[in-house]
Amino acid sequence: MVVKLETERLILRKPKLSDAEDWAEGMGDIDVSRRVSGAPHPYTLTDAKKQIDKKLIKMKKKDFEKFSFVIVLKNENKVIGSITLGNIDRKNGICSSGSWINKRYWKKGYMTEAKIATNNFVFNELGLRRMETGAFTDNKASNATQLAVGYKYEGCRRKRHMSKATGKIHDENMYGLLKEDWKKKLPKLKKHLKTKIKKLGKK
Ligand SMILES: CC(C)(COP(=O)(O)OP(=O)(O)OC[C@H]1O[C@@H](n2cnc3c(N)ncnc32)[C@H](O)[C@@H]1OP(=O)(O)O)[C@@H](O)C(=O)NCCC(=O)NCCS
């Protein structure tokens, strides 16, 4: 299933190999790559091409369901990040989510906006009941983002990941989001984002 999601400022669509340059620019920043487990540093154009290719191959597999989205900023027609929905288990109604945004675009509400689209897709279209995600314990931005969009803290997995970019071992905070909590959170979150976008526009 090919899925394209659209919000006020963003389009979320399947990655293309031609996205590699924007992808490498975002993931090439150590402040992004050190906060995810699998990205090396330095991160080259070839790394980006390989990673996108790997995602496309996985998305084609019949018995393996995964949705990888690049986040395109409409007014610049630029890929500024990505969200992947993985470990999709339709029987048990769960999936996991991982994401990043190019550092130049942080704190503008783009991840919140993208997550509104993907979470609605997960709960309304895929009909799942629970999403899971994690963040290194020292990753302020990611921990704040998960809580801001309604995830609940569910515990800490000690020494769970090694950042390929730095070689450092990290504890991981685990978060879960239930469909019923999302339904309650969504109206407030939309209002909050609308106010934020308005304020950013005045700056
Ligand atoms: C985490 C990340 C995706 C957030 O993206 P973003 O587009 O900047 O997030 P938003 O602007 O939508 O912010 C969401 C919330 O988190 C808060 N937040 C974001 N960065 C923050 C920071 N550095 N410190 C504290 N709070 C922060 C925002 O204030 C916002 O809350 P609010 O609406 O109540 O103000 C981005 O920082 C990133 O890509 N980091 C590196 C890679 C990474 O950590 N990926 C996740 C791995 S688990």
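**Helix H1 in its setting**

A: The chain runs in the order β-β-α-α-α-β-β-β-α-β-α-β-β-α. This is a predicted model. It holds six helices and eight strands.

The C-alpha atoms occupy a box of roughly 40 × 40 × 35 Å along the principal axes. A compact globule of 203 residues would have a radius of gyration near 17 Å, and the protein, at 16 Å, agrees with that. Of the 203 residues, 34% are buried. Among contacts with a separation of 6 or more, 60% join residues 24 or more positions apart.

Now the helix itself. H1 spans residues 20-27. Six of its eight residues are buried, so the rest of the structure largely encloses H1. The buried residues are Ala 20, Asp 22, Trp 23, Ala 24, Gly 26 and Met 27. The charged Asp 22 is thus in the buried set.

What covers them? The cover includes two helices, H2 (30-33) and H3 (45-60). It also includes two strands, S4 (78-89) and S5 (94-101).

Two packed helices are described by the angle between their axes and the distance between the axes. For H1 and H3 the angle is about 110°, and the axes lie 8 Å apart. That angle makes H1 roughly perpendicular to H3; the range for that term is 65 to 115 degrees. The crossing is right-handed.

The contact draws on both helices. From H1 come Ala 20, Glu 21, Trp 23, Ala 24 and Met 27. From H3 come Leu 45, Asp 47, Ala 48, Lys 49 and Ile 52. By class, this contact has seven nonpolar, no polar and three charged residues. An α-helix has 3.6 residues a turn, so residues three or four places apart point the same way. Ala 20, Trp 23, Ala 24 and Met 27 of H1 meet H3, and these four are also among the buried residues of H1.

H4 (residues 110-125) packs with H6 (residues 179-202) at about 150°, with axes 11 Å apart. That makes H4 roughly antiparallel to H6. Here the crossing is left-handed. Thr 112, Glu 113, Ile 116, Asn 119 and Phe 123 of H4 meet Lys 179, Trp 182, Leu 189, Lys 190 and Leu 193 of H6. This contact has five nonpolar, two polar and three charged residues.

Key
Residues are numbered from 1 along each chain as its sequence is written. This is a predicted model: local features need pLDDT of at least 70, side-chain atom pairs count only at pLDDT 80 or more; totals for chains, interfaces and linings use all residues. Axes are lines fitted to C-alpha atoms, for helices over the stretch in contact, and angles run from 0 to 180 degrees between N-to-C directions. Angles under 35 degrees count as roughly parallel, over 145 as roughly antiparallel, 65 to 115 as roughly perpendicular and the rest as oblique. A crossing is left-handed if the near helix is turned anticlockwise from the far one by less than a right angle, and right-handed if clockwise. Two residues are in contact if their C-beta atoms, placed from the backbone, lie within 7 Å. The radius of gyration is taken over C-alpha atoms; the globule rule is 2.2 Å times the number of residues to the power 0.38. A residue is buried if 20 or more other C-beta atoms lie within 10 Å of its own, exposed if 12 or fewer, and partly exposed in between; C-beta atoms are placed from the backbone.
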